Amino acid sequence: MDKRVLILSGATMVCALGIGFFMQQSASPRSLDAPGQIASVDVAASGVQALQMPAEPESGAFKIENITLTSVPRAEAQELQGETPGPATLAAAEDCELAVTALARPGAMVDIAVSAPCQAGARLTVHHHGMMFTTALDEAGAWRQMVPALASTAVFILEPEGGKAEVAAVPVPDLAEVDRVVLQWSGNSGFEIHARENGAEYGAAGHVWHGSDPEAGQGRMLRLGDADQLAPRLAEVYSLARGSEQGSTVDLSVETEITAINCGRDIEAQVLTLGTASDDQRLRTRDLTLAMPDCTAEGDFLVLNNLLENLKIAAN
């Protein structure tokens, strides 16, 4: 797709790297089996508090730290008040808890399945080693998603709104076989990752983004989260299998459309990278803030080059 590119002057981005800014005019939108271990954590209506998910330490072990317990289970509360909960009350409490399974899949993916029949439609927040996104249980109180793993021992915290969170941990033996880039943000800021493999042009084979065909390139792009939620947390993950030989470069960029929602204000995002610059598989995090142009530029796109490290694609 042809693009008209204008150089934006001035420092509009605050991040750890120097970033090139370009604006492109767009008349219309582009078309272009290891079971997990489950543990329960009580949380208040406001959810998990002071939760910190540190990057993987060099030992390969993970710790879940600073989870503040802020509620007492209903049955225990009744006992403290001198009441004895009946069978119906206990059964109802069990039905309302999340049932979670986590299974490792090829490509360093984890198949997460959640069931809570009495919480149909409830908002669900998924935490995974610094990545976070929000979704919702369906009408049957279920949710299922393939989630890219970010650690060889992948820990997931599934937090329903106003309920009790569940923690699932599953080993991911093939994590070292992929490179991964995550872009995450809150609200409808319009962020996207674009990967152009082997020098591909926009819209051509090898241009991979969340709107492209799943087989458009060698890498895979996955968008996580439900944009229809109130103040949603969303994430995009680009994954590329690593090879013993190194070939062509994958050019990565972050783009965002200027809309009536984000124009004339600062928008924030966070980048997480896994294995893209070294072989130690440590997860690295970088925050960014972008000052959007005023609303007269609505409909244009900002292309942020040099923000993400380019990847090497396995030679054919």
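This is a predicted model: local features need pLDDT of at least 70, side-chain atom pairs count only at pLDDT 80 or more; totals for chains, interfaces and linings use all residues.
Trainee: Which residue is the bridge partner of His-127 in strand 8?
Mentor: Strand 7 spans residues 123-128, and it pairs with strand 8 in the antiparallel sense over 6 bridges. Within strand 8, the partner of His-127 is Met-132.

Trainee: Which residue in the hairpin of strand 7 and strand 8 takes a positive phi?
Mentor: The hairpin has 2 residues between its strands. A positive phi near 50 degrees is found there at His-129.

Trainee: How many residues of strand 8 are buried?
Mentor: Strand 8 covers residues 131-136 and is mostly covered. Of its 6 residues, the number that are buried is 5.

Trainee: How many salt bridges does the model contain?
Mentor: Side chains of opposite charge can pair when their charged atoms come close. A pair is counted when a side-chain nitrogen of Lys or Arg is within 4 Å of a carboxyl oxygen of Asp or Glu. By this rule the count is 6.

Trainee: How many residues apart in sequence are the parts tied together by Glu-97 and Lys-164?
Mentor: The side chains of Glu-97 and Lys-164 form a salt bridge, with an N to O distance of 2.9 Å. Glu-97 lies in the loop between helix 2 and strand 5, whereas Lys-164 lies in the loop between strand 10 and strand 11, so the parts that the pair ties together are separated in sequence by 67 residues.

Trainee: Is Asp-111 buried or exposed?
Mentor: Asp-111 forms a salt bridge with Arg-144, the closest N and O atoms being 2.5 Å apart. The pair links strand 6, which holds Asp-111, to strand 9, which holds Arg-144, across 33 residues. Arg-144 is exposed, at a relative accessible area of 59%. The relative accessibility of Asp-111 is 5%, and the cut-off for this class is under 20%, so Asp-111 is buried.

Trainee: Which residue is linked with Asp-111 and Arg-144 in a network of salt bridges?
Mentor: Asp-111 and Arg-144 form a salt bridge. The network that includes both of them also contains Arg-105.

Trainee: What is the relative accessibility of Arg-242?
Mentor: Arg-242 forms a salt bridge with Asp-179, the closest N and O atoms being 3.1 Å apart. Asp-179 lies in strand 12 and Arg-242 in the loop between strand 16 and strand 17, so the pair ties together parts 63 residues apart in sequence. Asp-179 is buried, at 7% relative accessibility. Arg-242, by contrast, counts as partly exposed, and its relative accessibility is 29%.

Conventions: Residues are numbered from 1 along each chain as its sequence is written. Side-chain values use heavy atoms; hydrogens and water are left out. Buried means under 20% relative accessible area, exposed over 50%, partly exposed in between (1.4 Å probe, protein chains only). Helices (H or I, at least four residues) and strands (E, at least two) are DSSP runs, numbered from the N terminus. Two strands pair if DSSP finds at least two bridges between them.
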